[in-house]
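Please keep the sequence and the coordinates in view while reading.

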Amino acid sequence: MSPMRANLKVINNEGTASMIPPQVDLSYVGLSRLAAVHANLSPAALYQESLARQEADLTADGALRALTGSHTGRSPNDKFVVRDASTENVVDWGKVNQPISPEAFDKLHQRMMQWAQGREVFVQDLLCGADETYRLPVRFVTQFAWHSLFVRNMFIRPTAEQLAAHNPEFTVIDFPHFEAIPEQDGVRSPTFILVNFAKKLILIGGTAYAGEMKKSIFTIMNYVLPERGVMPMHASANMGQEGDVCIFFGLSGTGKTTLSADASRTLIGDDEHGWTDHGVFNFEGGCYAKAIRLNAVQEPEIYAASKRFGTVLENVVLQDGTHEVDFDDNRHAENSRSCYPVDFIPNASPTGLGGTPKNIIMLTCDAFGVLPPVSKLTAEQAMYHFLSGYTARVAGTERGVTEPQATFSTCFGAPFMPRPPGVYAKLLGEKIAYHKVQCWLVNTGWTGGAHGQGQRMPIHVTRALVRAILDGTLAKVDFADDGVFGLSVPKAFEGVSENLLHPRQSWADKAAYDKQAAHVAKLFADNFKKYEAQVTDAVKAAAMRGV
């Protein structure tokens, strides 16, 4: 054993120093000559380390607030997948899954490990997947103490017995202060997220946005589960008292977290799930909710969870002198976030497991203001909208997006899907058909006009319609073709005005609505051309019609 190796200390959960045990030996990923390894620290210890290093601030309510600098959202253009013999014919290469050579990965990895020598790191050994059959043991090695608390909140925390036997299948190394040299490293910028499936290693540098770690593991699950017949989903899920499960598909900002955190139902999880032959399971052990304009009236469960010890707040504003949180102030970011263990939500499932879904709700944030607030979908229409993944990129969700922009994100999660879209669509279609699941399209975006002219769909209206879906009352009302897109919409529903149910009526200029609707339909048609060879004629016939 080298002198440096012999002097290496590990600080365990109780804060005492001991010689490094095998389970936190990081030499297998090339980390050596470290000053210290802080292994599996408790939240209190991570608070102490983070505050001592001036990484974060303490809020008046006891949460930990961190600022992420210039990166207040994901950097999708800086994510790369190693292209080798194992991935060559499996990964859907392109703009989302950009290839990088094994040699380039190895060189950047080596420089990153050299940079870490003499520094302290934080390790968290965690689990991804509430279903033990499909559970993935993971390890996070981070530069920041608050990043270690973030992943501890987000993933499933092992018991003492599980921790003692922990053998990570994938490892994430996250060093925000280490930057790439683009012309030397074969990447686009100093920021990088590199995924190596063969080495089961993920490298993240040049960004302090903690969400990159969360989504990297989601990418891994999307790669490994389809081969086992499991449908990975960028979706939240909850369950009623009778065991009826609902899945909410949607991108960040469309309402997955808000709508699934219903006090009358059990929350299974807010963002990432798998669907097996037996039911659904949460990938994670925490929630990552948008915090901008968060308030106790509209989102009481999330609001309460965001104002307590153990929660990590990203890019929220603290008032001078008092450190009171101001969720309405967006000076640091529109994409401010709250990260907390799922059991901070009072009605959260203690197991993260649920049965077969009864309803699937596909959430979209329509920036053009032309889609109805709710539509009942056939199985074929559900497949069409799943592959389309239409929504708006909400301000701040991705770096450089300052206002909502219409976009199509395949499977409601294209940035995290390494396999071809047809793989996921086929799995979902089979499960919808076999279990006879009712599917819905819900628009949480604009009405009465496009973004900047109309208004955001009132959340109380969306909640009322979703609850009517879940209790079965909406399925019993009369539906009719909307006369625009070929969608089936309620003729009327108590408590919701006809102007909202039928958006053309809410526009003062009907000709302007027709023009906008035709434009949206064309966007759908143009986008779907790339999937036509992968779907049946029935799915192609379910396309958005337009006027």
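Are Phe-178 and Phe-192 buried or exposed? Both Phe-178 and Phe-192 are buried, where buried means under 20% relative accessible area, exposed means over 50%, and partly exposed lies in between (1.4 Å probe, protein chains only). The model is a predicted one, in which local features need pLDDT of at least 70 and side-chain atom pairs count only at pLDDT 80 or more, while totals for chains, interfaces and linings use all residues. Residues are numbered from 1 along each chain as its sequence is written, and side-chain values use heavy atoms, with hydrogens and water left out.

A search of the whole structure finds 24 aromatic pairs; rings of Phe, Tyr and Trp (its six-membered ring) pair if their centres lie within 6.5 Å, and planes under 30 degrees apart count as stacked, over 60 as edge-to-face and the rest as tilted. Helices (H or I, at least four residues) and strands (E, at least two) are DSSP runs, numbered from the N terminus.

Phe-218 and Phe-416 form a tilted pair, at 5.6 Å centre to centre and with 50° between the planes. This pair links distant parts of the chain: Phe-218 belongs to helix H7 (residues 211-224), and Phe-416 to the loop between strand E27 (405-408) and helix H11 (421-435), 198 residues apart. Both Phe-218 and Phe-416 are buried. Elsewhere, ring pairs link Tyr-384, Tyr-390, Phe-408, Phe-524, Phe-528 and Tyr-531 into a cluster.

Rings also meet charges. A charge sits over a ring if NZ of Lys or CZ of Arg is within 6 Å of the ring centre and within 35 degrees of the ring normal. The charged end of Arg-308 sits over the ring of Phe-344, 3.6 Å from its centre, and Arg-337 lies over the face of Tyr-288, at 4.9 Å from the ring centre.

Strand E22 (residues 337-341) runs antiparallel to E18, and 5 bridges join the two. Within this pairing, Ala-289 stands opposite Ser-338 in E22.

Contact means heavy atoms within 4.5 Å; axes are lines fitted to C-alpha atoms, for helices over the stretch in contact, and angles run from 0 to 180 degrees between N-to-C directions. In H2, Pro-43, Ala-45, Leu-46, Tyr-47, Glu-49 and Ser-50 are buried. The cover over the buried residues of H2 includes strand E3 (36-39), E4, E5, E8 and helix H4 (145-154). After H2 comes Gln-54, whose phi is positive, near 55°.

A nonpolar core is a set of buried Ala, Val, Leu, Ile, Met, Phe, Trp, Tyr and Cys residues joined through side-chain atoms within 4.5 Å. The largest such core has 52 residues, and those with the most contacts inside it are Phe-140, Phe-150, Phe-155, Met-213 and Ile-217. A second, separate core of 49 residues includes Leu-428, Cys-439, Leu-487 and Trp-507.

Two further residues deserve a look at their backbone. Most residues other than glycine have a negative phi. Cys-411, however, has a positive phi near 60°; Cys-411 is placed in the loop between E27 and H11 and counts as buried because its relative accessibility is 1%. Lys-436 has a positive phi of about 55° although it is not a glycine. Lys-436 is placed in the loop between H11 and strand E28 (438-443) and is exposed, with a relative accessible area of 72%.

Conventions. Pairing = 2+ DSSP bridges.
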